[in-house]
Amino acid sequence: GFFPEVTLPLGGMDKVYAGVAYTVGGRNTNINHTLWTGGRGEMGTIDPVSGGIDNTTTVSLHSYYTHYWNDTTRSTIGLHGANSNPDDGSLGADGTTPPLTKWRTVSGNIVWSLAPRVTTGVGVIYNSALFRGDNENSNDTADNASEALEGHWRVTVSY
């Protein structure tokens, strides 16, 4: 794979990160890999005729903006999207489910320090994923994606 990324300082501690990934059979090319892929073609698919594995080519883009409100509080907004091109006749890893072809993610959070070495934060993530054959899609050009909105809260203690 090929994974260039650039970081641009914006003044103060604010930064913008942007990158692209190009993989053939690559892993973890989306933000929520476990939830959305589950062996459904992101890394490779099964050729229903030969039974062989076809590596999937995936191109993804990501960008994040981090804003520091003060020394103890920051926010990040992220955008991520990717397209895969599994073979039209291919199937997911279990041999029956259709493969993942497109996904989009938008995320945002706010993180702050409660005390030295104790950090907490809240965030929200919107995911949209298109699997060939799902939601009455007949091919990867249809646009009836599965969608989810996730919220989270986290506390981190370091020593």
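Author: Accessible areas come from the Shrake-Rupley method with a 1.4 Å probe; for residues, only the protein chains shown count as cover. This is a predicted model: local features need pLDDT of at least 70, side-chain atom pairs count only at pLDDT 80 or more, and totals for chains, interfaces and linings use all residues. Residues are numbered from 1 along each chain as its sequence is written, and side-chain values use heavy atoms, leaving out hydrogens and water.

Reader: What makes up the secondary structure of the protein?

Author: It comes to 1 helix and 9 strands. Helices (H or I, at least four residues) and strands (E, at least two) are DSSP runs, numbered from the N terminus. Along the sequence the pattern reads β-β-α-β-β-β-β-β-β-β.

Reader: Why are strand 1 and strand 2 said to pair?

Author: Two strands pair if DSSP finds at least two bridges between them. Strand 1 (residues 5–9) and strand 2 (residues 15–24) have 5 bridges, in the antiparallel sense. The cut-off is at least two, so they pair. Thr-7 stands opposite Tyr-17 in strand 2. The two strands form a hairpin with 5 residues between them. In the turn, Gly-11 has a positive phi of about 105°.

Reader: Why is His-62 called buried?

Author: Buried means under 20% relative accessible area, exposed over 50%, and partly exposed in between (1.4 Å probe, protein chains only). His-62 has 18%, so it counts as buried. Its place is in strand 5 (residues 57–68). Of the 159 residues of the protein, 33% count as buried.

Reader: What makes the link between His-62 and Glu-5 a polar contact?

Author: A polar contact is a pair of N or O atoms within 3.5 Å. Within protein, one must be able to donate a hydrogen and the other to accept it; residues adjacent in sequence count only if both atoms are side-chain atoms. The side chains of His-62 and Glu-5 are joined at 2.7 Å, so the pair meets the cut-off.

Reader: Which residues does His-62 touch?

Author: Contact means heavy atoms within 4.5 Å. Not counting residues up to four places away in sequence, His-62 touches Glu-5, Tyr-17, Ala-18, Gly-19, Val-20, Leu-79 and His-80.

Reader: Why is Gly-151 called exposed?

Author: Gly-151 has 63% relative accessibility, so it passes the limit of over 50%. Gly-151 is also found in strand 9. It touches Gly-123 and Val-124, not counting residues up to four places away in sequence.

Reader: What makes the nonpolar surface patch?

Author: Trp-69, Ile-110, Val-122, Trp-153, Val-155 and Val-157 make a patch of about 630 Å². Like charges are joined within 9 Å, nonpolar side chains (Val, Leu, Ile, Met, Phe, Trp, Tyr) within 5 Å. Trp-153 is exposed at 61% relative accessible area, so it passes the 30% limit. Strand 9 (residues 146–157) gives the most to the patch, with 3 residues.

Terms used: Salt bridge = Lys/Arg side-chain N within 4 Å of Asp/Glu carboxyl O.
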